[in-house]
Every structure is written in C-alpha cells, then in structure tokens.
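Please study the structure shown below together with its sequence.

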Amino acid sequence: MYFWGVVFLVVTTLVGIFKSERNDEDELGVLETYQILIKVMKKKMVLIFIVFALTSRIGLCAVDNITGLKLIEKGIPKENLALMAVPLTPIQILLPLLISKYTAGPRPMNVWVKVYIPRLIFGLLLSALVFGSSQIGIYNPERESGLDFPIYWYVTIIFVYILHQIIVYCTFVSIMAFNAKISDPEIGGTYMTLLNTVTNLGGNWPATVALYFVDQLSEFNCFENKNSDAQVAAFPEIEGENAKLIDSWNDKSLKTNCTDNGYDFRTVKDGYYTEVLITTILGFIWIAYFKKYIFMMDAVEKEEWYATNKKEKKGQD
C-alpha cells in the first residue's frame with residue numbers, strides 16, 4: 001500500500017505538471033454547467049431514470065448487504081471468508097471485459113433486464129447457503145471464533161459466489177454502458193457523475209433500511225453457554241439503587257450485558273430469511289411493473305436525454 005501510495009502521488013503530480021487542457025472558447029464554466037444540469041433533471045426521461053435507479057435495488061438489498069455478515073454470524077470464520085474472496089478477484093477483473101461486448105450495442109439495458117430475475121433467484125440460493133452454514137458448522141473449542149466446516153462446503157460457497165458475481169457484473173456493466181450512452185457530451189463528466197451518483201444512492205439507501213429491519217424482524221435470547229439450551233433468568237441490568245431487571249432478552253442492545261456476564265447471546269429467530277423473502281417478492285413485483293419503462297429508456301433517441309435537443313438546435317441554426 002505504501003508503494004502504490006507513492007506511485008499514485010507521483011503519477012498524479014506528473015499529470016498535473018505536464019498535461020495541458022485543450023483551449024475551447026465554448027467551454028462552459030461551473031455556473032453554466034449547473035444551470036444545464038438543472039435543465040437535465042427536469043427532463044422526463046431523466047426523472048424516469050432517477051426513479052428507476054432509486055428503486056431497482058429494493059429487491060436485492062437484503063441479499064447483497066447482509067449475506068456476508070450472516071455467514072460470519074452462522075460460524076464461517078472471518079479469515080476464511082476473506083480468503084474465499086481471493087479466487088473471485090481475477091474473475092471480477094475479467095468479467096467486465098467479457099460482458100462489455102454484449103452491452104456495447106444500442107440496447108445495453110436488455111442484458112440488465114435478462115439477468116434481473118436470475119439475480120433475484122440467486123438471492124434465495126445465497127440465503128440457503130446461510131441456512132446450511134447454520135446447520136453444518138461444528139463447534140471447535142480450540143477456535144476463538146467461528147466453527148469448523150468441511151472443505152466441500154467452502155467449495156460450494158465459492159462456486160455459488162462466482163455464479164452470483166457473473167450476474168452482478170452483468171447488471172453493473174449494463175448500467176454503466178447505458179449511462180455512457182445517454183450522457184450529454186456537452187457536459188459529459190458532470191452528466192455521468194449525476195447518473196452514477198443516483199445509481200449509487202439507489203444501492204445505499206435500501207442497504208441502510210435492510211440492515212435496520214433485519215434486527216427488528218429477529219428474536220434474541222441469552223443462554224448459559226454455547227452448548228446449552230438453558231435460558232438465563234433475568235438479572236439486574238445495572239447495580240445500585242437504580243437497578244432494574246431485564247425481563248426480556250429480545251433486544252440486540254442487551255448483547256453486551258449477556259456476554260459480559262459469561263453467557264451466550266444468540267439469535268433465536270433470524271429475520272434475515274423473512275427479509276430476503278419479502279424483498280425478493282418486492283423485486284418480482286418491481287420488475288413486472290418497471291420493465292416497460294426500462295425498455296422505453298433504452299429505445300428512445302439519445303437526444304431525449306440531452307439538456308438541449310440537438311435536432312431542435314440545428315433547426316434553429
């Protein structure tokens with residue numbers, strides 16, 4: 001990291017010193033650029049895209065953002081999960097190159113639509129991996145954290161993750177190709193930033209909601225130890241005159257109280273599965289309704305996305 005940090009500083013410094021910008025009398029200033037951006041955001045097609053980008057990940061948020069955490073919770077050691085990411089790295093590098101030839105045409109969103117339902121189905125498969133991990137793991141007293149799993153289970157997880165990554169990158173490359181296709185060359189960089197920002201926001205807000213609700217849909221309890229099913233009786237939450245009894249452990253904020261006293265805090269009912277089911281159903285409903293708008297966005301002329309319609313401008317000239 002130190003080496004590449006130095007390389008980054010040297011290269012960017014050299015670019016700043018030796019790379020000169022092209023002089024263009026028609027180059028827009030900052031104010032003019034944002035005035036055009038406001039015009040862009042009032043365009044009908046751009047508004048449809050914003051709604052599309054902000055809602056398209058609702059059906060995927062639980063699987064995409066919680067599955068890895070749940071695998072760790074079910075006993076997959078963190079170091080093993082990190083190690084499994086190694087074979088995925090070259091695949092993640094090569095996939096955009098392989099997929100780009102299918103998204104380089106005039107209808108890049110066709111690929112996006114085709115893989116959306118398989119991606120929803122793969123979400124159910126990934127949740128099955130989480131459930132399987134909760135059943136297959138074997139307690140090992142020599143481990144400080146995590147459980148022991150057979151090699152075939154790690155191979156299964158890697159195989160499923162590779163297939164899932166192929167589908168994920170199909171959607172990623174498709175939306176990037178689409179953004180590049182519709183971006184107005186007059187404000188190309190600013191336009192692309194707007195489209196990518198909305199796309200990223202559409203992935204971040206559902207993730208926040210999913211992470212919040214997974215605990216709300218779960219049930220928790222405190223047990224005597226890892227191998228016992230005996231529940232811990234209520235005991236004072238704090239000492240002294242203001243002490244009060246914990247009458248229910250069904251609150252993840254009480255985990256510290258349980259573990260600090262030598263007990264085992266567990267998830268009795270995992271809301272992850274419920275949330276995956278709900279979001280997947282919402283995903284099927286969403287694609288059934290929004291598919292026609294996706295095809296419409298992909299089919300209209302590029303000028304419909306531009307701040308100033310080039311055909312109208314030519315007519316005026």
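Threonine 280 touches Gly59, Leu120 and Leu124, residues up to four places away in sequence not being counted; contact means heavy atoms within 4.5 Å. The model is a predicted one, in which local features need pLDDT of at least 70, side-chain atom pairs count only at pLDDT 80 or more, and totals for chains, interfaces and linings use all residues. Residues are numbered from 1 along each chain as its sequence is written, and side-chain values use heavy atoms, with hydrogens and water left out.

**Threonine 280**

- Threonine 280 belongs to helix α11 (residues 271-299); helices are DSSP runs (H or I, at least four residues), as strands are (E, at least two), and both are numbered from the N terminus.
- Threonine 280 is buried because its relative accessible area is 4%; buried means under 20%, exposed over 50%, and partly exposed in between (1.4 Å probe, protein chains only).

**Helix α6**

- The 16 residues of α6 should span 22 Å at 1.5 Å a residue, and this agrees with its end C-alpha atoms, which are 22 Å apart; the expected span is 1.5 Å times one less than the number of residues.
- At leucine 94, α6 bends by about 30 degrees, and proline 96 follows within four residues; the bend is the angle between axes fitted to the seven residues ending at a residue and the seven starting there.
- The buried residues in α6 include Leu88, Leu95, Ile99 and Thr103.
- Among the elements that cover the buried residues of α6 are α5, α7 and α8.

- Proline 96, which lies in helix α6, is partly exposed because its relative accessible area is 26%.
- Tyr169 and Val173 are touched by proline 96, not counting residues up to four places away in sequence.
- Serine 174 has its place in helix α8 and counts as buried because its relative accessibility is 0%.
- Apart from its neighbours within four places in sequence, serine 174 is in contact with Thr103, Pro108, Met109, Val111 and Trp112.
- From C-alpha to C-alpha, proline 96 and serine 174 are 9.6 Å apart in space, while 78 residues separate them in sequence.

**The largest pocket**

- The largest pocket holds about 1100 Å³ of space. On a 1 Å grid over the protein atoms alone, a pocket is an open set of points where a 1.4 Å probe fits, with protein on both sides within 12 Å along at least five of seven lines, and lining residues have an atom within 4 Å of a point. Grid points are joined across faces, edges and corners, and the volume is the space filled by probe spheres set on the points.
- Its lining has 27 residues, of which Glu73, Lys74, Gly75, Asp264 and Phe265 are the closest to the centre.
- Two or more lining residues come from each of α4 (61-73) and β2 (264-269), and β2 gives the largest share, six residues.
- By class, nine nonpolar, seven polar and eleven charged residues form this lining; Ala, Val, Leu, Ile, Met, Phe, Trp, Tyr, Cys and Pro count as nonpolar, Asp, Glu, Lys and Arg as charged, and the others, Gly among them, as polar.

**The second largest pocket**

- The second largest pocket has a volume of about 750 Å³.
- Of the 36 residues that line the second largest pocket, Arg57, Asp64, Arg119, Gln165 and Val168 lie nearest its centre.
- Helix α8 provides the largest share of this lining, eleven residues.
- The lining of the second largest pocket comprises 20 nonpolar, 13 polar and three charged residues.
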